[in-house]
Amino acid sequence: MDNLPHIAPLDHLEYMRYALSLARRSPPKPWNFRVGAVLVDEAANRILSTGYTLELPGNTHAEQCALQKYFGADAAGLTDEQADTVLPPHTVLYTTIEPCQSRSAGNVPCVDRILATQSGIHRGIQTVYIGVKEPDTFVAANAGQSKLEQAGIVCMHVSGLEEEILQTATEGHRMS
């Protein structure tokens with residue numbers, strides 16, 4: 001990955017700010033949120049992968065894009081379930097909006113993609129840093145964070161960018 005920013009270790013606000021910059025690359029659409037995600041090896045303070053809504057073909061979400069790009073699923077034949085053998089032991093995920101718990105037919109929810117990383121020796125993603133809870137615009141009472149926490153994944157709110165995140169996320173909703 002080229003041109004990645006250098007962010008100080010454990011600077012959660014800067015990692016979230018970087019995720020927000022990725023969200024701004026997402027094309028504004030009236031039917032989804034513009035979200036950014038950053039996959040980080042926290043122990044090495046190294047960005048593993050990034051993603052944003054609609055970055056990859058299809059109706060792709062930011063977390064999905066970051067995970068698929070890291071796994072190289074298309075090139076290497078890896079599935080989400082094999083992620084535990086690939087992710088470093090202290091992998092965390094920053095996402096501007098709470099991961100989704102439901103998707104339209106044929107799409108795996110981002111929460112399930114995160115949970116699929118849990119089965120191996122490294123236990124996959126153990127912490128998800130969230131900028132804001134998902135607004136009720138498309139899914140009433142998204143329980144993504146609750147589902148992650150019930151599975152033992154720590155979810156931490158990163159405060160300070162909520163207004164910017166929501167403004168960016170909903171930019172396409174103002175389109176007529």
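Glu14 is partly exposed, at 31% relative accessibility. Partly exposed lies between buried (under 20% relative accessible area) and exposed (over 50%), using a 1.4 Å probe and protein chains only. This is a predicted model, where local features need pLDDT of at least 70, side-chain atom pairs count only at pLDDT 80 or more, and totals for chains, interfaces and linings use all residues. Residues are numbered from 1 along each chain as its sequence is written, and side-chain values use heavy atoms, leaving out hydrogens and water.

Glu14 has a salt-bridge partner, Arg17. A salt bridge puts a side-chain nitrogen of Lys or Arg within 4 Å of a carboxyl oxygen of Asp or Glu. Both residues lie in helix H1, 3 residues apart, about one turn of the helix. Helices (H or I, at least four residues) and strands (E, at least two) are DSSP runs, numbered from the N terminus. Arg17 is partly exposed, at 34%.

The whole structure holds 6 salt bridges. Among them are these:

| Pair | N to O distance |
|---|---|
| Arg17 and Glu14 | 2.9 Å |
| Arg34 and Glu171 | 2.6 Å |
| Glu55 and Lys69 | 2.7 Å |

Arg34 and Glu171 form a salt bridge. The pair links distant parts of the chain, 137 residues apart: Arg34 sits in the loop between H1 and E1, Glu171 in the segment after helix H6 (162–169). Arg34 is buried, at 5% relative accessibility. Glu171 is partly exposed, at 36%.

Pro30 lies in the loop between helix H1 (12–23) and strand E1 (36–41). Its relative accessible area is 40%, so Pro30 is partly exposed. Pro30 and Thr170 are 140 residues apart in sequence, yet 7.9 Å apart in space, C-alpha to C-alpha.
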